[in-house]
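Please examine the sequence and the three-dimensional structure shown below.

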Amino acid sequence: MRILVVEDEPKVARFLERGLRQQAYAVDVAGDGEEGLQLAGDHDYDLIVLDVMLPGRDGFAVLRGLREMQRVTRVLMLTARDSVGDRVRGLDLGADDYLVKPFDLDEFLARVRALLRRAATEAPLVVRHADLELDPRTRRVRRGGKAIELTAKPFAILDLLLRRAGQVVSRAELAEHVWDRYFDPFSNVIDVTMHQLREKVDRGFSPRLIHTVRGVGYVLRSETGED
Ligand code: CA
């Protein structure tokens, strides 16, 4: 289990780090929000302990950044202010729990254990259809037991199609989920990316899984249909 602590007060950071290490967790410490976000982007943490009051980007801004990165990591917020507004704001932004400073190390460790347990039971499972499987945590895709390498966009499209297997996913939905707000609806980027995805997922395999529904979008299914 690897935990990231984002805390600018060195004394508190050391206290938490030591407590967590004694429980045999791997711990990284970031002294500000910027560094915290960078580490969170580079590593797959099981839990992030996030102080609200940070210089520069505060805890709320970091939470927003984590969401933008679509990190599923659990977040335990630390707040010095026991204000309902702060707690609500943190939870609204996707924090999983919060602890008001000052707190007791045992309580902190108990919250950490509870969050890690929850993370383990709620972890998104491998999505499968026919002989195709995708693991959102390791970002591994296999078909017929053979590993398939996908770049970010084709991976995101396949993830969406697999989760909605049997249902048509419109081009507008693909644009919204997979591209950002600067997506140009007049470009052929969806067609190009779908072509790349099909080359990897369907070429050399049977049956074909990705089908075009003309004028609407795409559907992932094992039976043959309009295409
Ligand atoms: Ca602080």
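The sections below describe the chain as a whole, its metal site, its cavity and some local features.

## Basis of the report

This is a predicted model, in which local features need pLDDT of at least 70 and side-chain atom pairs count only at pLDDT 80 or more, while totals for chains, interfaces and linings use all residues. Residues are numbered from 1 along each chain as its sequence is written, and side-chain values use heavy atoms, with hydrogens and water left out.

## The chain as a whole

The chain has 8 helices and 12 strands. These elements are DSSP runs numbered from the N terminus: helices are H or I runs of at least four residues, and strands are E runs of at least two. Along the principal axes, the C-alpha atoms of the chain fill a box of roughly 60 × 35 × 25 Å. Of the 227 residues in the chain, 42% are buried. Buried means under 20% relative accessible area, exposed means over 50%, and partly exposed lies in between, with a 1.4 Å probe and protein chains only.

The chain is divided into domain 1 (2-121) and domain 2 (127-220), and such bounds come from an automatic or database domain assignment. Taken over C-alpha atoms, the centres of domain 1 and domain 2 are separated by 34 Å. R143 is found in strand β8 (residues 140-143) and is buried, at 0% relative accessibility.

## The calcium site

Which residues supply the protein donors of the calcium ion? They are D8 (OD), E9 (OE), D51 (OD) and M53 (O), at 2.1 to 2.8 Å from the ion. Donors are N, O and S atoms within 2.8 Å of the metal (3.2 Å for Na, K and Ca), and sites may look incomplete because water is not among the atoms.

The spacing of the donor residues in sequence is D-E-x41-D-x1-M. D8 is partly exposed, with a relative accessible area of 28%, whereas D51 is buried, at 2% relative accessibility.

## The cavity

How many cavities of 30 Å³ or more does a search of the whole structure find? The search finds 1. A cavity is a set of points, on a 1 Å grid over the protein atoms alone, where a 1.4 Å probe fits but cannot get out; lining residues have an atom within 4 Å of a point. The largest cavity has a volume of about 60 Å³, where volume is the space filled by probe spheres set on the points, and grid points are joined across faces, edges and corners.

The lining of the largest cavity consists of V52, F60, M77, T79, D86, R87, G90, L91, A95, D97 and Y98. At least two lining residues come from each of β4 (74-79), α4 (84-92) and β5 (97-100), and α4 gives the most, with 4 residues. By class, the lining has 6 nonpolar, 2 polar and 3 charged residues. In this scheme Ala, Val, Leu, Ile, Met, Phe, Trp, Tyr, Cys and Pro count as nonpolar, Asp, Glu, Lys and Arg as charged, and the others, Gly among them, as polar.

## An aromatic pair

The structure holds 1 aromatic pair. Its members, F103 and F108, are stacked, at 5.6 Å centre to centre and with 20° between the planes. Rings of Phe, Tyr and Trp (its six-membered ring) pair if their centres lie within 6.5 Å; planes under 30 degrees apart count as stacked, over 60 as edge-to-face and the rest as tilted. F103 is buried, with a relative accessible area of 14%, and F108 is buried as well, with 0%.

## Features of the backbone

The peptide bond from K101 to P102 is cis, with omega near -5°, and P102 lies in the loop between β5 and α5 (105-122). A cis peptide bond also joins S206 and P207, with omega about 0°. P207 is in the loop between α8 (189-201) and β11 (210-213).

Positive phi values occur in residues other than glycine. A24 has phi near 70°, lies in the loop between α1 and β2 (26-30) and is exposed, at 68% relative accessibility. R139 has phi near 60° and is found in the loop between β7 (132-135) and β8. At 49% relative accessibility, R139 is partly exposed.

Note on methods:
On a 1 Å grid over the protein atoms alone, a cavity is a set of points where a 1.4 Å probe fits but cannot get out, and a pocket is an open set with protein on both sides within 12 Å along at least five of seven lines; lining residues have an atom within 4 Å of a point.
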